[in-house]
Amino acid sequence: MNLQHRHFDALIIGAGGAGLNAALRLASADYRVAVVSKVFPTRSHTVAAQGGVNAALANVLPDNWHWHMFDTVKGSDYLGDQDAIETMCREAIPTVYELEHAGVPFSRLDNGKIYQRAFGGMTQNFGGDQAARTCAAADRTGHAILHTLYQQNIRARTHFFDEVFAVDLLRDDEGVALGALVLDIATGEPLVIEAKTTLIATGGYGQVFRTCTNAFINTGDGMAMALRAGVPLQDMEFYQFHPTGVAGKGMLITEGARGEGGYLINASGERFMERYAPKARDLASRDVVARSIVTEIREGRGCGPHQDHVLLKLDHLGAEVVHQRLPGIVDICRVFLGLDPAERPIPVFPTAHYAMGGIPTDRAARVVAPARHGPEEYVPGLYAAGECACVSVHGANRLGGNSLLDILVFGRAAGQDIERYLSENPNHRPLSASHLEPALARLARWERQGDGEPVHVVKADLRKLMEDHCGVFRDHATMAQGVEKLLALRGRVESARLQDHSRTFNTARIEALELDNLVDVGMATLATALAREESRGAHSRVDFPERDDVNWMKHSLFWREGDRVEAKPVRTKPLTVESFPPKPRVY
Amino acid sequence: MKIRVYRFNPERDTKPRMQSFEVAARPGMMLREALLEIHALDESFGFRHSCGEGVCGSDGMNVNGVNCLACVTALADLKEPVEVRPLPGRPVIRDLIVDMSQFYEQYRAVKPYLIRTEPLPEQEIPQPPAERDRLDGLYECILCGCCSTACPSFWWNPSKFHGPAALLQAWRFLADSRDQATDERLDALEGPYKLFRCHSIMNCVEVCPKGLNPTKAIGKIKELMLEKAV
């Protein structure tokens, strides 16, 4: 095959907030940057983030990055790395100002400063009164940020490869990242993008669960590429269920709705969060609220004919607040439920939402993995940022408003460190045919003709399996059974076949390649969840209900080879302040 | 429910055809879900889609003669048989997938980014709520292309007329009290085509899935040009 090769200083896979923020920095510094995205960039899932981005600007109430750091460490159930969390909370402030300068249309206060709202788990004075820390553009903050970053990248002349699917990473014999084999979706032609540095910024994998808030494109492509390249994934058992997805459908109802004063009620109209989190109530952290909702329903206090959801009440806020501060939520309710949330409560249920785990990185977004000299050696030239990465600032549970922050801060950090790397490594390294073989073989596998199961059937079964065997509450027997089923399903993927082998914009072929990725990240999630015999953050075990700091205050690492699970220590030492020791987590 | 979809695969077909499928409609079902079921029946049927809730703008298409997003179009609201075609006026790549490159080119042509000439403050650039409110109805555009591909002026002069989506963005930055490139932006829109080919046909307003009003934005640009000229 006559493969075309293109050469860039930096290859960025994924055009969400992390990828675009890295690209902006590099393109502005006149590096040759290629951004590969399987969808047009403004269709990346960052666009769907609603509620806001945290930064201790103190525009509404007194605030301090150190308080933000405490909340994040506590929210992580003490599994977050405190050096990374300190970095994120400090950098939050200049990052939000930078975005505002770039054009993000933040909502404003009367004095012209950025509007900030209350969000779950955010406090003043290390666990005191509720903070107002979440900077918002109505409830379209992700849209506002993603479009602004794309626009600034147009200005900086970033080179975009739109609707191009990354098949696999390329690495040489010494493990140095050399770029990726990609597939132009419109033509079906493979292409080699050789780069001195590669940043994986492909986002999450919520599509592995049947009911999720994630877009169709969120299939864990970057994470699975890392696994296939021999890099482990970290903390994959920590998958967040957002407390308020639209019941039975999954669309996200932002935590900002509760930040503006909305609250949850059960079938008897009781404001039940008071029982589970007497102080923070509906603004306790997401793992706490999600568990509380599921508990209410399990104990028979669910709403509706099937008693299978609870209600989110906003009508007491008045039509003006609801329509001005939450216009996107009004749209979703009108279109999908035929109701106006300013008049009637919204049926909600916890919905698969966000991966705390991912490709292990350090604070500079460099990918790190255990090697000869310790658990965190750099994979040269390889970076990861955003939801596909685990830096780890979210630990066992992510606080609302910290995901946009994570992608922006560490996307930028990636750009910064890539500049440094490029100044030290100015030349392309040689790429030989043998480095391309595994990636080409992966493409060729779906060329096989003949009978076999269709991809969509296997994918539907996978999503059901993950929902049934790895949900909000977990136990050994259910998950062990899940692993057995997933092993069987992996065999089915081997014999699955494409019926349509055409080249021009073959979406079926892309979905087949995505299925490979989903199965890999699904196994990483189930295997690590089964191994962790404690309850921490989003990982809630019925058979091990307590957090076990003696045995389990450590990160998990999953390798694809042999489905192996190992552990590495949590970095409990921050950079400049005292560390926050583990404490019982009450809200 | 009977759904007729537009089919064209350049590797196989010399001309497009319509193909009928029968889909069992469920209460609350959206068109996108029906198209996914069709895709499951025949995986060679291609269309773009992603978020499923009207924020990513991937699944713009022409349904019963009207441009819309499949994910927020309820089947129950559609007249049978449902006729699903690609967005009009764009080259078809395959089935419902059209080539949007010219649309994006027009978007880039209006310099859709904030331009500041003064040095930046250490904190945010202050913007009172009344000034910020002017951006409501402008910044929410998701670039789905429903408006521009419904605009006859855009069909006739796609390389010269910027089209409603791009012009909405032009006004979004002109209206932003933080932007300092007003003259430059207005000068770039001079001439008979880029802006003035808009004849206020209002198709864009009718089809915008986000309820935005590009015609009004275009009117505002014209007003501002007039003010400047006086």
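**Close-up views of a predicted two-chain model**

View 1. Pro81(B) is found in the loop that runs between strand 4 (66-69) and strand 5 (82-85) of chain B.

**View 2. The cis peptide bond from Val391(A) to Ser392(A).** In chain A, the peptide bond that joins Val391(A) to Ser392(A) is cis, and its omega is near -5°. Ser392(A) belongs to the loop between strand 18 (389-390) and helix 11 of chain A, and helix 11 (402-424) is also among the elements that give two or more residues to the lining of the largest cavity.

**View 3. Surroundings of His147(A) and Leu143(B).** His147(A) is part of helix 4 (residues 141-155) of chain A, where this histidine is buried, with a relative accessible area of 6%. When its neighbours within four places in sequence are left aside, His147(A) is in contact with Thr42(A) and Val47(A) of chain A, and with Cys141(B), Ile142(B) and Leu143(B) of chain B. Leu143(B) lies in the loop between helix 3 (129-133) and helix 4 (152-156) of chain B, and has a positive phi of about 55° although it is not a glycine. Leu143(B) has a relative accessible area of 2%, which is under 20%, and is therefore classed as buried.

**View 4. Ser200(B), a residue with positive phi.** Ser200(B) is placed in the loop between helix 6 (182-188) and helix 7 (203-207) of chain B; although this residue is not a glycine, its phi is positive, at about 50°. With a relative accessible area of 43%, Ser200(B) is partly exposed.

**View 5. The hairpin of strand 7 and strand 8 in chain A.** Strand 7 (residues 164-171) and strand 8 (residues 177-184) of chain A run antiparallel and are joined by seven bridges, with Leu169(A) standing opposite Ala180(A) of strand 8. Five residues lie between the two strands of this hairpin, and Gly175(A), in the turn, has a positive phi of about 90°. Because seven of the eight residues of strand 7 are buried, this strand is largely enclosed by the rest of the structure.

**View 6. His45(A) and the largest cavity.** An unreviewed UniProt entry lists His45(A) for "modified residue: Tele-8alpha-FAD histidine". His45(A) lies in the loop between strand 2 and strand 3 (53-54) of chain A and, leaving aside its neighbours within four places in sequence, is in contact with Thr213(A), Asn214(A), Ala215(A), Ile217(A) and Asn218(A). His45(A), Thr46(A), Gly203(A), Asn218(A) and Glu387(A) lie nearest the centre of the largest cavity, which is lined by 50 residues. The elements of chain A that give two or more residues to this lining are helix 1 (17-28), strand 2 (33-37), strand 7, strand 14 (346-355) and helix 11. The largest cavity holds about 750 Å³ of space, and its lining has 18 nonpolar, 25 polar and seven charged residues.

**View 7. The second largest cavity.** This cavity has a volume of about 260 Å³. Of the 17 residues that line the second largest cavity, those closest to its centre are Lys38(A), Val39(A), Phe505(A), Thr507(A) and His49(B). Its lining divides into eight nonpolar, three polar and six charged residues.

Methods
Residues numbered from 1 in each chain as written. Chains lettered and ligands numbered in written order. Predicted model: local features only at pLDDT ≥ 70, side-chain atom pairs only at ≥ 80, totals over all residues. Heavy atoms only, no water. Helix = DSSP H or I, 4+ residues; strand = E, 2+ residues; numbered from the N terminus. Buried < 20%, exposed > 50% of the residue type's maximum accessible area, 1.4 Å probe, protein only. Contact = heavy atoms within 4.5 Å. Pairing = 2+ DSSP bridges. 1 Å grid on protein atoms, 1.4 Å probe; cavity = no way out; pocket = protein on both sides within 12 Å on 5 of 7 lines; lining within 4 Å. Points joined across faces, edges and corners; volume = space filled by probe spheres on them. Nonpolar A, V, L, I, M, F, W, Y, C, P; charged D, E, K, R; others polar. UniProt positions renumbered as here; feature names shortened; annotations may be inferred.
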